[in-house]
Amino acid sequence: MAYLYETVKLDKGMYGESGKSFTQVLESCDPSENYRGTPLEGLDAFQRQLKRFDIRVRGAGSDVVEKFFHTTDSAVLFPEFVSRVVRQGMEEDNILPSITATVTAFHGMDYRSITSIPSEEDRKLKRVEEGAQLPQTVVKTQENLVKLHKRGRMLVGSYEAIRFQRLDLFSVTLRQIGSHIARMHLEDAIQVVTEGDGNENPAEAFTIGDKTIGGTAGTLSYDALLKFWAQFDPYTMNTILVSGDVMLQMLRLSEFQNPLTGLNFQGTGTLTTPLGATLLRTSAMPAGKLIGLDKHYALEMVTGGDVLVEYDKLIDRQLERAAITSISGFAKLYQDASKVLSIQ
C-alpha cells in the first residue's frame, strides 16, 4: 500500500511560510488523520518523513548526522530535527510552567499587557439590591510596553567535524543548548517578578529583621516564613523560588523535617513546604533571597514564536555557523501576587 508521505516534495521554503511552523506546513501536505487505523497512526508528519528516509535519531542504533544529507529532500528535515531536540532540552527540568499563570503567543518585539488593580472596596462582593448598579472591575492596558528579548546560542561546527557522529550523541549537545536558553528565560522571569515589567510594579520586598517579618537578619526561621506567607492575602503563596543557600537553610528547619515531607521528597523529588507551597530551587535566584508567588495570578509569559533555527545555513552550508534562538518576555499581572523576602 502506497502512502502519501512517501511522495511529499520537501524544500526549504516550507520553513518560510508566515505564521506556520515547518511541521504545520508538512501536516497540511500530509495530514495525520489519513493514517488512522494504519501502522503509522501516532506518528506526526515529521516522524513519517524520518521513516521515509530511514533515519533513526534515538538509541544505540541511531544513525550518523550524515544520513540527513544523503538526498536534497532529507537535508530539509535537519533544521526541524535540531529545533525539536532543542525544545526538548528547554522542557527538561523547566520550572517556568510552574510560575506562569498564562502563556501568550505574540508576533513582534513590543507587547502591551492588561492589568486590573482593584481597591479594597472593589474586592468586596457586596449584595446588590434590585435595580441597583453592579460594582465594577476595571481592566485596562498597561501604560508601558513589555519588551521581548531574543535568547539563543550559536551552533558552530563544520559538517566534516560531525558528519560521522551519532544523532543520539549529537542530541545531547542540542538539549544542552535548549537547557541554557530556558535558563536565560527563567532569569528574565525572575527579574520581572522582582523589579517589575517597566510599569512601576515591582514585587513588594521584605527583609528578615524588619518590623513586618521580625527575626534576626541573616537567619531564616519558620516564624519568618509564616509572617511572609501572611502578607499574601487575598492571594495564596503556593510557589516559592529559592537559591541553593536558602534551600539549605530551609531544610535545616525542624518544621521541614516532618517525616511525611521527607517521604514525599524522597519518593517524587518534589519538596512541598509545611506552608503548602511548592518549593523550587534554581541557581537563577540571587543568593540570600526567596520569591513567594501565587502562580495563578502573578506572571504572564509572552512568546514570540517557536524555537528559530537558521535553516538556510543548516541545509545549504551543512552547519558551519547557525543561530538557534527563542523570543520571549514576561509581564506582571497582579502586583500583590508576588513578593520577595531577603534573608541577608
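A: Helix H4 (residues 78–91) packs against helix H7 (residues 167–195) at about 55°, and their axes are 6 Å apart. Axes here are lines fitted to C-alpha atoms, for helices over the stretch in contact, and angles run from 0 to 180 degrees between N-to-C directions. Helices (H or I, at least four residues) and strands (E, at least two) are DSSP runs, numbered from the N terminus.

Q: What does that make H4 relative to H7?

A: H4 is oblique to H7. For the wording, under 35 degrees is roughly parallel, over 145 roughly antiparallel, 65 to 115 roughly perpendicular, and the rest oblique.

Q: Before I go on, what kind of model is this?

A: This is a predicted model: local features need pLDDT of at least 70, side-chain atom pairs count only at pLDDT 80 or more, and totals for chains, interfaces and linings use all residues. Residues are numbered from 1 along each chain as its sequence is written, and side-chain values use heavy atoms, with hydrogens and water left out.

Q: Which residues make the contact?

A: From H4 they include Phe-78, Phe-81, Val-82 and Val-85, and from H7 they include Leu-167, Phe-170, Leu-174 and Gly-178. Contact means heavy atoms within 4.5 Å. By class, the contact of H4 with H7 has 11 nonpolar, six polar and one charged residues. Ala, Val, Leu, Ile, Met, Phe, Trp, Tyr, Cys and Pro count as nonpolar, Asp, Glu, Lys and Arg as charged, and the others, Gly among them, as polar.

Q: While we're on H7, is Ile-190 buried or exposed?

A: Ile-190, which sits in H7, is buried at 5% relative accessibility. Buried is under 20% relative accessible area, exposed over 50%, and partly exposed in between (1.4 Å probe, protein chains only).

Q: What does Ile-190 touch?

A: Leaving out residues up to four places away in sequence, Ile-190 touches Leu-241, Thr-282, Ala-284, Met-285 and Ile-291. Ile-190 and Phe-330 are 140 residues apart in sequence, with 9.3 Å between their C-alpha atoms.

Q: And how do H1 and H2 pack?

A: Helix H1 (residues 22–29) and helix H2 (residues 45–52) meet at about 75°, with axes 8 Å apart, so H1 and H2 are roughly perpendicular. Phe-22, Thr-23, Leu-26 and Glu-27 of H1 meet Ala-45, Phe-46, Arg-48 and Gln-49 of H2.

Q: OK, strands now. How many residues of E15 are buried?

A: Five of five in strand E15 (residues 338–342). Ser-338, Val-340 and Ser-342 lie on one side, Lys-339 and Leu-341 on the other, and both faces are covered.

Q: Which strands pair with E15?

A: Among them, strand E7 (residues 204–207) pairs with E15 in the parallel sense over four bridges, with Ala-205 opposite Val-340. Strand E11 (residues 289–293) runs antiparallel to E15 and is joined by five bridges; there, Gly-292 has Lys-339 as bridge partner. Pairing takes at least two DSSP bridges between two strands.

Q: What about Ser-342, what does that one touch?

A: Beyond residues up to four places away in sequence, Ser-342 touches Phe-206, Thr-207, Ile-208, Gly-288 and Lys-289. Ser-342 has a relative accessible area of 11%.
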